Structure formats: structure tokens, C-alpha cells
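Please read these comments with the model open.

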Amino acid sequence: MEATDELAQIDISTEEKDKLVAEVMRYALFKTHQTSGCPIKREELTQIITKNYRQRARPALVIKEAGDKLAATFGYEMRELQRTRAPSNRSGRTSSQQISNVDAKSYVLVSKLDPEVYSKYVEDKERSHVSGFAFVVISIVHVAGGKITEEDLWHQLKRLGLNENDENHPVIGNNKQALELLVQQRYLLKEKIAGPEGHFMSYELAERALDDSISSKLKEYISQVVSASAATAE
């Protein structure tokens, strides 16, 4: 009865609402695949919902139901992201435009399937190197205290055979682009910092890397590495 009342309030039929929900689901799945998991802006979803129905279709209702159906049908949680701060500009301050952009809500699809089921039926093994690279980079930044200069990050990656200027790595491809993708996916926050000797770039863990599902795996992985190193030393 409550759902029917909501539909009556926004003057839209159940059939129209179901069609919009399906369109949002389709767009979210396609965009996630097309952009390698980069966040989807709420504005994009709102445009799908309001392009034909104007203000009759309430975006919040449709987006929520699309999220519920994605979880029930595909095992994906449509998780909302919202940055707590924007990168600073050259003066070290955030502009009103940056704040406006950063306050805009966005969503990512996160699998809630059992890890073994996901690995067997969903995971694209041909792209496992991408998630491996992400995990290594996030681990380095985490061990550095959650923030690291670009120079220091590439110094650590070079020790693993990943050079900053390598555009044709046999596995990663363009190393710089691979790192930039982590910024676009909101695992890292990149900003220019003013120092006594000039400006330098810095990377900081962003909201997706700080999520409990990621941070818990990081801590477990780092603990295993430390334990293995201690055993070798003995």
C-alpha cells in the first residue's frame, strides 16, 4: 500500500516506474563495465528518470528500487559515494566549484556475492592484473600512513618492476594511466601540494580504499607479509 501511495503522489503508473527502474539498472551495469568500475554520478541517473517524465518521476524512489533489484538479481550493491573534501588547488585552497563537484553524489556497484562464487562465475580473469595493481598501490599508500608523494610512490613501484614512464608494460600497459584510473575509480585522491621547494603531487587513500571491505583485506594481507618476513628472518 505504501508503494502505491508513493506512485500516486508522483503521478506515475507501476508500469512506467518499472520501465525506469530497468533503464537505471541497465545503465548502471553498462557504465560500470564501460568505465572499468568508475563511479556513476547521480545526475546521470536522474537525467534518465526525468527526461520523459519531468518532475513526475521521483529519482530517489526509482534509484532505490533499482539498487534493490540489482542486489536481488545480480548480487550487486549500488553503494553511494560522497567525498568528505576536495583536492586543493595550487594555492592549497579548495574553490567553490571544487566543493560543488565533490558534493555531488555518485554510485559504484559492489559485489555482495560470496568470494568463491564471484571468482568462479563473475570475475574476469583476464583483468585480474588490474585488481592486483590496485591492491599493491593501495597497500603502499596504506603502509605510508594513508598519504604518499608521487615520487615516493613511483620509487616503491619501481622496486616491483613498474617504471613511471613505461607505456608498454607487458601486463599493466601504460603504468601512468593505470595509476590515474585508480584516481578516477576513487581509490586514490590526487592533489598538488605547495612545498618550500615548489609544488609536488601527492596521493591519498580515497573513500573506496577506506571502505571496510578493502581495509580489512589490506590489514590481513600486510599481516601475512609481516609474518612471512619475520619467519624468513628467523
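The numbered points follow.

1. This is a predicted model, in which local features need pLDDT of at least 70, side-chain atom pairs count only at pLDDT 80 or more, and totals for chains, interfaces and linings use all residues. Residues are numbered from 1 along each chain as its sequence is written, and side-chain values use heavy atoms, leaving out hydrogens and water.

2. The mean pLDDT (the predictor's confidence in each residue, from 0 to 100) of the protein chain is 82, with 79% of residues at 70 or more. Over residues 90-103 pLDDT stays under 50, and the model has 19 contacts there (heavy atoms within 4.5 Å) beyond four places in sequence. Where pLDDT is low, predicted coordinates should not be read in detail.

3. The protein chain has 10 helices and six strands, taken as DSSP runs (helices H or I, at least four residues; strands E, at least two) numbered from the N terminus. Of its 234 residues, 35% are buried, meaning under 20% relative accessible area with a 1.4 Å probe, protein chains only. Among contacts between residues at least 6 apart in sequence, 61% join residues at least 24 apart.

4. Which residues of helix 9 are buried? In this helix, residues 175-184, they are Asn175, Ala178, Leu179, Leu181, Leu182 and Val183. Their cover includes helix 7 (128-143) and helix 8 (150-158), as well as strand 5 (188-195) and strand 6 (198-205).

5. Both ends of helix 9 deserve a look. Asn174 caps the N-terminal end, with a side-chain oxygen 3.1 Å from the backbone nitrogen of Lys176. Just after the helix, Arg186 adopts a positive phi of about 70 degrees.

Terms used: Buried means under 20% relative accessible area, exposed over 50%, partly exposed in between (1.4 Å probe, protein chains only). A polar contact is a pair of N or O atoms within 3.5 Å; within protein, one must be able to donate a hydrogen and the other to accept it, and residues adjacent in sequence count only if both atoms are side-chain atoms.
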